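Work through the exercises below with the sequence and the model at hand. Each task is followed by a solution in steps.

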Amino acid sequence: MKLSGVLQRCRNLTISKAIMCATGRVRRELIGFKRGFSTYSDDPELGEFLDYLDRLKNYEKSGVPKGAGTDSNDGFDLGRMNRLMERLGNPHSSFKAVHIAGTKGKGSTAAFLSNILREGGYSVGCYTSPHLWTIRERMSLGREGELVPAKKLNDLFHHIKQIFDQSIELEKGSISHFEVLTAMAFTLFAQEKVDIAVVEAGLGGARDATNVFSSLGLAASIITTIGEEHLAALGGSIESIAIAKSGIIKHGRPLVLGGPFIPNIECILRDKASSMSSPVVSASDAGNRSTMGGIGRDKGKPYQPCDIVIHIEKELQLFVELFDVKLWMLGHHQLQNAVTATCTALCLRGQGWTLSDESIRAGLEHTYLLGRSQFLTSEESEAVGLPGLTILLDGGIQPEVVVTTEVTIAGAGSRTTSASLLKEAWIRASMELGTGFVDIGSKAYGDFLEDQTSCSVGVLKHEPVLAVVNSVEDSMKAANRILRKRAGDQSGLIVVTGSLHVVSSILSCLHR
């Protein structure tokens, strides 16, 4: 579908009347959240720790330098992270890990797999990024997957702060925000004696701060998808991105591929695995027959019933049949993430981890993440000023109205693309794909709706309307007005998509 191609080229959009794609982050349920939303947006107890982090280089805020994620002279210095871990006593050597890289789907796959392991009775540490409200979301612990308590994180920071101070001095101030967070997470997991950690790479793989696990410490690696995100930082081509992400493959340890991948990209990944004597399992294997049914509802919440059938007889023999699995993470991409996690669980079962079919089913069915295919309740829609409207937080296809907007990223605007530039990107992609649109231009959308010449019935019925509104809240109201003008009394759907930063800005509105 042509419009889906436009959507793949444009990010940070608020799109109405669509069903969208998602990626995710971790947790079975977020403890301390009410109706699916956080009851806090910061942690006063962590003030000193957060101030400490703010003084460090934060590439989430400033953007990643060109080539920084490649395994080259331009790449991040992974030796610096290894030296930091040595000063901390190499805490990551005290537990097994599953390492996940990929352009999309890392967090959702981590969530599915973490919950499968918890259902098997294991204590799991899960480390992901970014977060919606509190930095504690990046680290979940134990058999229940609770967020790390603020006091525990604060106590740990003060216990090892001297080592951080020493490392910053020895490394001439080059220790980064993400390196300290990663070191904190691995030290925390060792302190809590987790059985296994599920770790999401931050950028790329080869030079990422999380890539400190040896082949002895790695249970499996996962590469979910390969796309063109962070193109400059990862070498400038989709092939260089694949090479960077393949850096998490370790000698003799199984590699699980999500996909599907285009042939030359899959070849790069398989060749790297072959050079490392690593068996490969593909979630897109012809022996995997997984299907998804229509949307159902349980106590008012939407789910999709799925059949997951995996029958692989290649480098590793994997078999499971799970019928009528209720996935609360909606969309075919989430089914693919669930299959990827299931393949990984079967690999672990082959290594001696006790993971029954029932544990796999329960883990998949207990996974739900904020901001991924998340429908707001009627009360929440009313709280953001759009009563009676269905609002979905995520990504997707077939828009009738496209409103580009902008938000800050990690509290700063240096990485924010302006709404006007996003609009230009949409226009270029639309022209490239031969799709039409109605450009409101610089006039206010209210004026546009009153202009009977440009807002004719024919125009409104056949072409997507393109608008620019700088505020996320106002962009939703603009989409609502334009959609109602087009659809009359018919109900509509507004989708908020582009990044978790956009989603977070909407969720924050509910607590003002």
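**Exercise 1: Helix H9**

What covers the buried residues of H9 includes strand S9 (218–223), helix H8 (238–245), strand S10 (255–257) and strand S11 (280–282); contact here means heavy atoms within 4.5 Å. Helices (H or I, at least four residues) and strands (E, at least two) are DSSP runs, numbered from the N terminus. This is a predicted model, in which local features need pLDDT of at least 70, side-chain atom pairs count only at pLDDT 80 or more, and totals for chains, interfaces and linings use all residues. Residues are numbered from 1 along each chain as its sequence is written, and side-chain values use heavy atoms, with hydrogens and water left out.

Task: find which residues of H9 are buried and which residues are exposed on the face turned away from them.

Solution.
1. Locate the helix: H9 spans residues 263–275, 13 residues in total. From first C-alpha to last it reaches 18 Å, close to the 18 Å expected at 1.5 Å a residue (the expected span is 1.5 Å times one less than the number of residues).
2. List the buried residues: Ile265, Leu269 and Ala273. Buried means under 20% relative accessible area, exposed over 50%, and partly exposed in between (1.4 Å probe, protein chains only).
3. Check their directions: they cover an arc of only 75 degrees around the axis, which puts them on the same side of H9. The arc is that of the directions from the helix axis to the C-beta atoms.
4. Recall the general rule: an α-helix has 3.6 residues a turn, so residues three or four places apart point the same way.
5. Turn to the opposite face, which carries the exposed residues Pro263, Ser274 and Ser275.
6. Look past the end of the helix: just after H9, serine 277 takes a positive phi of about 55 degrees.

**Exercise 2: Helix H2**

Task: find which residues of H2 are buried, and what covers them.

Solution.
1. Within H2 (residues 47–54), the buried residues are Phe49, Tyr52 and Leu53.
2. Viewed down the axis of H2, these residues fall within an arc of 100 degrees, so they line one face of the helix.
3. Their cover includes helix H6 (150–170) and helix H7 (177–191).

**Exercise 3: Strand S4**

Task: find how many residues of S4 are buried, and which strands S4 pairs with.

Solution.
1. Five of the six residues of S4 (residues 96–101) are buried, so the strand is largely enclosed by the rest of the structure.
2. S4 pairs with strand S8 (residues 196–200) in the parallel sense, over five bridges; two strands pair if DSSP finds at least two bridges between them. The partner of valine 98 in S8 is valine 198.
3. S4 also pairs with S9 in the parallel sense over five bridges. There, isoleucine 100 stands opposite isoleucine 222.

**Exercise 4: Strand S14**

Task: trace the strands that pair with S14.

Solution.
1. Strand S12 (residues 288–292) pairs with S14 (residues 301–313) in the antiparallel sense over five bridges. Serine 290 stands opposite isoleucine 308 of S14.
2. Strand S13 (residues 296–298) runs antiparallel to S14 and is joined to it by three bridges. The two form a hairpin with two residues between them, and lysine 299 in the turn has a positive phi of about 55 degrees.
3. Nine bridges join S14 to the antiparallel strand S15 (residues 317–327). This pair is a hairpin with three residues between the strands, and proline 305 has lysine 326 of S15 as its bridge partner.
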